[in-house]
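Take a look at the model below. We'll walk through a few of its side chains together.

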Amino acid sequence: MTIIHLSAVTGEEPTSAELAAIEHEWPLIEAELDLLNAQIALINAGPSASVLDGRRVRRAAHRVIEAARVLADRTQETEVVA
């Protein structure tokens with residue numbers, strides 16, 4: 001039994017609009033991946049996790065917030081211009 005429902009793969013390539021949207025959001029995606037990696041490292045460290053491990057997670061979380069803010073600002077500017 002699977003809990004993830006995937007639509008049928010049609011073999012179609014992403015459109016240029018979809019690729020542009022991914023490129024537009026890439027800084028946020030990258031920041032989220034960095035946060036995930038920092039969280040995984042902290043969890044894997046277990047009881048021997050250091051203060052630096054916690055700082056890495058907090059800094060990565062701040063980068064996610066900043067990237068989301070920048071993306072929202074750019075999106076809002078694009079909507080105002082259009």
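How far apart in helix α2 are E66 and R69? They sit 3 residues apart, so about one helical turn separates them. (Helices are DSSP runs of H or I, at least four residues, numbered from the N terminus.) Keep in mind that this is a predicted model, where local features need pLDDT of at least 70, side-chain atom pairs count only at pLDDT 80 or more, and totals for chains, interfaces and linings use all residues. Residues are numbered from 1 along each chain as its sequence is written, and side-chain values use heavy atoms, leaving out hydrogens and water.

Back to that pair: E66 and R69 meet in a salt bridge, 2.5 Å from N to O. That term means a side-chain nitrogen of Lys or Arg within 4 Å of a carboxyl oxygen of Asp or Glu. R69 also bridges to D73, with the closest N and O atoms 2.8 Å apart, and those two are 4 residues apart in helix α2. Shared partners join E66, R69 and D73 into one network. At 42% relative accessibility, R69 counts as partly exposed; the label covers values between buried (under 20% relative accessible area) and exposed (over 50%), using a 1.4 Å probe and protein chains only.

The structure holds 3 salt bridges, and one of them links D53 with R56 at 2.8 Å. Both residues lie in helix α2. Is D53 buried or exposed? D53 counts as buried because its relative accessibility is 15%, while R56, at 43%, is partly exposed. D53 also touches L42 and A45, leaving aside residues up to four places away in sequence; touching here means heavy atoms within 4.5 Å.
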